[in-house]
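Subject: Structure for you to look at

Hello,

Here is the structure I said I would pass on. Please open it first, then read the notes below.

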Amino acid sequence: MRQYFRRFTRLRLLWRCVALIGACWFYVRQPEAVLWLVRGDWFGTSAGEFGKVSELAEGSGGGLTGMILFFGAVWILLACGMVTRYFPSRIESMGCQKQFAQFYVARTANYECAENEADSDGRRFGTVRGEEAWRREKRRADLGALGDLVVWCACNGVVYWLYGRGIIHEVHMLLICLFYAVCDMVCILCFCPFRVLIMKNRCCTTCRIYNWDALMMMTPMLLSRNIAIQVLNVLALGLFLRWEWTWQKHPERFLEVTNETLSCGNCEHPAGCAGCVRRDRKLSQENKLRQGKM
């Protein structure tokens, strides 16, 4: 299951990279046609204007049909990825699946955060037990999420300022959106600045904002009038609202101190967890040594 999930995540990274590169290629070769497609004013386009767009697309060495099929495939993959998040799944990371009741395994009421122990990031906790332990973890997670929200809004505020000034337009916003989609997979597989610099959580499994990714990805396109993009915005917003509602109603599902499923010993999807990667390599080396001795 571990290897399967890693391959699945790398495959998602691959197709998102292809989507970003392909969108850039189409924009360089067919800027007017891509702009027409992204703006979404398809039904308000006259026959003459549509013919002009089609001629420009054909004259640039590509084709309007090929461009529509490419962006349509990207839309389908993004939409399917969001829809599957609404339901329990064994192929998704526990980072997003922990919201569902079937993945909650209650820990003993005597859990604690010991002062003489530190996690993988070197953070130390005071010795607290039971109710106070999970309340402390919940408060820390909320503060980390708030910090992420402030940073994300500030960064995208700059993007929208550039958009409002006319320095960038709808196609640039779409390219930023696809860039965010690639960065989302990089955060899972390699390095997540939100985890390391702000939230300080152990890994993706214990991430407080895991299901924010769809809405964060769609942030540059939130004001789009394109009906297809609006559908993605609604799906992303629904994931965000459901996640936050579940967090408020059942915070015990999201915290390692209360949910046994989130502990390292029960982890089945360690993508992006450096500790798990090192452990797997060590076990692999030990198995090779044993086989060599035999």
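Which residues touch the most other members of the largest nonpolar core? They are Met67, Phe71, Met82, Met217, Met218 and Met221, in a core of 64 residues. A nonpolar core here is a set of buried Ala, Val, Leu, Ile, Met, Phe, Trp, Tyr and Cys residues joined through side-chain atoms within 4.5 Å. Two or more residues of this core come from each of α1, α2, α4 (64–84), α6 (130–164), α7 (170–189), α8, α9 and α10 (227–249). The most come from α7, which gives 13 residues. In soluble globular proteins, nonpolar side chains tend to be buried together.

A note on the source: this is a predicted model, in which local features need pLDDT of at least 70 and side-chain atom pairs count only at pLDDT 80 or more, while totals for chains, interfaces and linings use all residues. Residues are numbered from 1 along each chain as its sequence is written, and side-chain values use heavy atoms, with hydrogens and water left out.

The whole protein

The protein has 11 helices and two strands. Helices (H or I, at least four residues) and strands (E, at least two) are DSSP runs, numbered from the N terminus. Starting at the N terminus, the order of elements is α-α-α-α-α-β-β-α-α-α-α-α-α. Of the 294 residues, 46% are buried. Buried means under 20% relative accessible area, exposed means over 50%, and partly exposed is in between (1.4 Å probe, protein chains only). The accessible surface is about 15,900 Å², and carbon and sulfur atoms hold 63% of that surface. Accessible areas come from the Shrake-Rupley method with a 1.4 Å probe, and for residues only the protein chains shown count as cover.

Contact means heavy atoms within 4.5 Å. Among contacts between residues at least 6 apart in sequence, 70% join residues at least 24 apart. Met82, one of the core residues named above, touches Ala214, Met217, Met218, Leu232, Leu235, Ala236 and Leu239, not counting residues up to four places away in sequence.

Salt bridges

The structure has 10 salt bridges. A salt bridge is a side-chain nitrogen of Lys or Arg within 4 Å of a carboxyl oxygen of Asp or Glu.

- Arg12 and Glu92 meet at 3.8 Å, N to O. Arg12 is in helix α1 and Glu92 in the loop between α4 and α5, so the pair ties together parts 80 residues apart in sequence. Arg12 counts as buried because its relative accessibility is 9%, and Glu92 is buried at 4%.
- Arg16 pairs with Asp184, with the closest N and O atoms 3.3 Å apart. This pair links helix α1 to helix α7, across 168 residues. Arg16 is buried at 11% relative accessibility, and Asp184 is buried at 14%.
- Arg208 and Glu244 meet at 2.8 Å, N to O. Arg208 is in the loop between α8 and α9 and Glu244 in helix α10, 36 residues apart. Arg208 is buried with a relative accessible area of 7%, and Glu244 is buried with 15%.

Salt bridges that share partners also join Arg12, Arg85, Glu92 and Asp213 into one network.

Loops and surface

Is Thr206 buried or exposed? Thr206 is buried, because its relative accessible area is 13%. Thr206 lies in the loop between α8 (193–199) and α9 (213–218). A polar atom of the Thr206 side chain is 3.2 Å from the backbone oxygen of Cys203. Lys200 is in the loop between α8 and α9 and has a positive phi near 65°. Most residues other than glycine have a negative phi. Lys200 is partly exposed, at 32% relative accessibility.

Val105 lies in the loop between α5 (94–97) and β1 (112–113). The C-alpha atoms of Val105 and Glu260 are 5.3 Å apart, although the two residues are 155 apart along the chain.

On the surface, Leu11, Leu14 and Val18 form a nonpolar patch with about 290 Å² of accessible area together. Patches are made of residues with over 30% relative accessible area and no salt bridge, with like charges joined within 9 Å and nonpolar side chains (Val, Leu, Ile, Met, Phe, Trp, Tyr) within 5 Å. Leu11 is in helix α1 (residues 2–29) and is exposed at 52% relative accessibility.

Regards

Terms used:
Polar contact = N/O pair within 3.5 Å; in protein donor to acceptor, adjacent residues only side chain to side chain.
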